[in-house]
Amino acid sequence: TDAHGTRVAMAEDTDATRVPTTATAAPPEPPTEKGGMEVRFSWPLLSLLLKDGHGGGARSLARLGMHTLYVKYVSDGKPGGATELKLALHSLQAEDVLCGGDFVRSIALEGQHGDQTLAQLHYKGTGDDGCPDTISLRFNRLHLEWNPATVAALVAFVRRPMEAEEAELAEATVAAEAQPEAEAEAEAAAALEAGAAARRSSGGGISVNAELQALSVSLNTDGSGERLALLGMQELVVDTLLSPGGGMRVSGQLGNLTAQDTYTVPGSPYEMLGLRAAAQSLLTFEYESPSDAARAASRARAEFDHVLRLKMSSVRVSYWHAAVMHTWDYLQSGILGALVNATASTVVQAARSVLSAGTDASALELHIEVGSPLVLLPTTAGAADGLQADLGRIGVSNTLERRVEHEGRAFGAAGVETMLLLDCIRVTVEKMQLSARSVGGGEGGGEGGGSPTPGEDVRMIRDDVVEVIVERGVGDSAGR
């Protein structure tokens, strides 16, 4: 279609002898005594060439190819009965026509659990109030080449048909701002209650399992296309269980998170961020929030009503200032900068909502362990010698304490006794060390006053212990 001469979306012309483009559907199976329906659909190839209007003509942006898209739907035919939906995509290829090269590609087709697919979605609705519905998402290996010019053009391509909707949304926002504050708050509270009621009436709840084998992103400089850094994430698993009573449990793990500097020393990339050799998994986490009734009972007893458990293995950070600043400036610019800032804002707001008790006696129980992060300040980019800071084992835990304090106490006046509920957060750092390493040795730097041997660590600070305790009021004691 050509909208106002500025946007063109067209399917790439293909020869039937060269590319299979037909869509097939399996013939329906004969009905059984139990009734029901089963639909299967397979599409061997979907190829799209995206163009936009530029300089009075059409400009090619990207060519997208999705290979072997498969859909299966099964229903038992009963109202509110069991249903099943399966989606599978064998591979994905996106060519960056604007800047050249691949934009998105499958790194490998060897999938998890023996399947040969890039992505899978499996939904199963049990139709039973006693059993949760299940959603399973699995992604194989995917690589993305981030070229700022191409990404900006694609975002503009997608946003054009949404401008009219955004204008209508802006008008609705202006009307909402003119609404009295008390009325707006009442509508928001009603919406939250409606959402909670929907969760409580959603049968047996829902269970979601998501897995990602590997994702890598190449950050390329604008114009030259030279690779600045390579970011990677491996073996992400997240399990979520939403209970009908309003409870929620989220757990999972992250195998590794890496960042390589490929720009400072051409031809000799080095790892800026990654696991230390002894660690097996970067992060495990678990968040648990009970049902509405259990949460209310915990608050009435002045106990923790939700729990966060997080364990992080030791990571190694090689800090070369020029490389870090180049990557940071890149992450703060353009479309990527907007995404990073929006994500950071969301995380900050979530943290504030957890730590802000307000008038509600809600408290989060913390069990956090971080295993000895190592920060290296090398003498040259990617070198093994330089200043090393082992930040030690870091732990965060907390307890709820009731305490009597005297408000308004002054010289000659005892003040008024007040019972407070305090969340006492304890942060400990053990076995913190600071050392220097010289590959070629040095003079007079050893602990005994002599020259250190090549590769020897000269310790400047070792086995230090730091403990910090923070107390905050909970519920009616929030102003403390």
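These legends describe close-up views of a predicted model.

**View 1. Helix α1 and its buried face.** Helix α1 covers residues 148-159. The buried residues of α1 are Thr150, Val151, Ala153, Leu154 and Phe157. Seen down the axis of α1, its buried residues fall within an arc of 165°, so they line one face of the helix. An α-helix has 3.6 residues a turn, so residues three or four places apart point the same way.

**View 2. Strand β21 and its two partners.** Strand β21 runs through residues 416-437. Strand β19 (residues 386-390) pairs with β21 in the antiparallel sense, over 5 bridges. Here Asp390 stands opposite Gln433 of β21. Strand β22 (residues 457-473) also pairs with β21 in the antiparallel sense, over 13 bridges. In this pairing, Leu434 has Ile461 of β22 as its bridge partner.

**View 3. Thr428 and its contacts.** Thr428 is a residue of strand β21. Its relative accessible area is 19%, so Thr428 counts as buried. Leaving aside residues up to four places away in sequence, Thr428 touches Arg393, Ile394, Gly395, Val466 and Glu467.

**View 4. The salt bridge between Asp423 and Arg472.** Asp423 and Arg472 form a salt bridge, with their closest N and O atoms 3.3 Å apart. Asp423 lies in strand β21 and Arg472 in strand β22, so the pair ties together parts that are 49 residues apart in sequence. Both Asp423 and Arg472 are buried.

**View 5. The salt bridge between Asp390 and Arg276.** In this salt bridge, the closest N and O atoms of Asp390 and Arg276 are 3.7 Å apart. The pair links distant parts of the chain, 114 residues apart: Asp390 is in strand β19, while Arg276 is in the loop between β13 (270-275) and β14 (283-289). Asp390 is buried, at 17% relative accessible area, whereas Arg276 is partly exposed, at 27%.

**View 6. Other salt bridges.** The whole structure holds 13 salt bridges. Side chains of opposite charge can pair when their charged atoms come close. One of these salt bridges joins the side chains of Arg40 and Glu38, at 2.8 Å from N to O. Arg40 is partly exposed, with a relative accessible area of 34%, and Glu38 is partly exposed as well, with 26%. Elsewhere, Arg249, Glu286 and Arg309 are linked in a network of salt bridges.

**View 7. The aromatic pair of Phe41 and Trp43.** A search of the whole structure finds 1 aromatic pair. Phe41 and Trp43 form an edge-to-face pair, with 6.2 Å from centre to centre and 85° between the planes. Phe41 is partly exposed, at 30% relative accessibility; Trp43 is also partly exposed, with a relative accessible area of 28%.

View 8. Phi of Thr68 is near 55°, a positive value in a residue other than glycine. Thr68 belongs to strand β5 (residues 57-75) and is partly exposed, at 37% relative accessibility. Ser372, which is not a glycine either, has a positive phi of about 45°. Ser372 sits in the loop between β17 (364-370) and β18 (374-378). The relative accessible area of Ser372 is 18%, so this residue counts as buried.

Definitions and conventions: Residues numbered from 1 in each chain as written. Predicted model: local features only at pLDDT ≥ 70, side-chain atom pairs only at ≥ 80, totals over all residues. Heavy atoms only, no water. Helix = DSSP H or I, 4+ residues; strand = E, 2+ residues; numbered from the N terminus. Buried < 20%, exposed > 50% of the residue type's maximum accessible area, 1.4 Å probe, protein only. Contact = heavy atoms within 4.5 Å. Expected span 1.5 Å × (residues − 1). Arc of directions from axis to C-beta. Phe/Tyr/Trp six-rings, centres within 6.5 Å; stacked < 30°, edge-to-face > 60°. Pairing = 2+ DSSP bridges. Salt bridge = Lys/Arg side-chain N within 4 Å of Asp/Glu carboxyl O.
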